[in-house]
Amino acid sequence: MQFVLLIIHADPERWNSLTTDQRNAVHEACGVWHQELVDKGVAVHAVGLQPPDTTAVVRRKDGSVFVTDGPFSESKEVIGGFEIIDCASKEEAIAIAKRFPALDAGAIIEVRPAVTGPCRD
């Protein structure tokens, strides 16, 4: 069963208060965590995202398509990346998410089952 672990920067002020060395240490620990998932054969795909100020949002409103800069949400929380894993259960996916090193730096992980077949209501 595949799950998407959405990596959310929940507290940008906390992250920005870290020194460059501290942020680099978190990134390095996250790389080790990801490599462990690869070594166990659980990792399917992972992507980190550029900062929110690089975002373009495309939407349709009143029959016209608009493109705006920046993230859609006005929230401080932004998606920083995601990891797709293949494991036996939601409990296993949650156990993997609990070991994500950036939790200590204010990140949160949303664990969501992936749709792997045709989309049907």
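This is a predicted model: local features need pLDDT of at least 70, side-chain atom pairs count only at pLDDT 80 or more; totals for chains, interfaces and linings use all residues.
Residues are numbered from 1 along each chain as its sequence is written, and side-chain values use heavy atoms, with hydrogens and water left out.

Let me begin with the whole chain. It has 3 helices and 6 strands; these are DSSP runs numbered from the N terminus, with helices (H or I) of at least four residues and strands (E) of at least two. In sequence order, the pattern reads β-α-α-β-β-β-β-α-β. Along the principal axes, the C-alpha atoms fill a box of roughly 50 × 45 × 20 Å. Of the 121 residues in the chain, 26% are buried. Taking the contacts (heavy atoms within 4.5 Å) between residues at least 6 apart in sequence, 75% join residues at least 24 apart.

I return now to helix 3. Which residues of helix 3 are buried? They are Ala 93, Ile 96 and Ala 97, in a helix that runs over residues 90-98. These residues are on the same side of helix 3 because they cover an arc of only 100° around the axis, the arc being that of the directions from the helix axis to the C-beta atoms. What covers the buried residues of helix 3? The cover includes strand 1 (2-9), helix 2 (20-39), strand 5 and strand 6 (107-113).

Ile 79 is partly exposed, at a relative accessible area of 44%. Leaving aside residues up to four places away in sequence, Ile 79 touches Ile 7, Ile 8 and Leu 49. Ile 79 and Pro 113 are 34 residues apart along the chain, and their C-alpha atoms are separated by 17 Å.

Strand 6 contains Ile 108, which is partly exposed at 36% relative accessibility. How far apart in space are Ile 108 and Ile 7, C-alpha to C-alpha? The distance is 6.1 Å, although the two residues are 101 apart in sequence. Apart from residues up to four places away in sequence, Ile 108 touches Leu 6, Ile 7, Ile 8, Ala 10, Glu 77 and Leu 103.

Glu 110 also lies in strand 6. Beyond residues up to four places away in sequence, Glu 110 touches Val 4, Leu 5, Leu 6 and Ile 8. From Glu 110 to Arg 60, the separation is 50 residues in sequence and 27 Å in space, C-alpha to C-alpha.

Side chains of opposite charge can pair when their charged atoms come close. How many salt bridges does a search of the whole structure find? The search finds 1, where a salt bridge is a side-chain nitrogen of Lys or Arg within 4 Å of a carboxyl oxygen of Asp or Glu. Glu 110 forms a salt bridge with Arg 112, and their closest N and O atoms are 2.3 Å apart. Glu 110 counts as partly exposed, at 29% relative accessibility, and Arg 112 is partly exposed, at 45%.

Val 58 is in strand 3 (residues 56-61) and is exposed, with a relative accessible area of 59%. Asp 62 is found in the loop between strand 3 and strand 4 (64-69). Is Asp 62 buried or exposed? At 76% relative accessibility, it counts as exposed. The backbone angle phi is also of interest here. Most residues other than glycine have a negative phi. Phi of Asp 62, however, is near 55°, a positive value in a residue other than glycine.

Thank you for your attention.

Note on methods
Buried means under 20% relative accessible area, exposed over 50%, partly exposed in between (1.4 Å probe, protein chains only).
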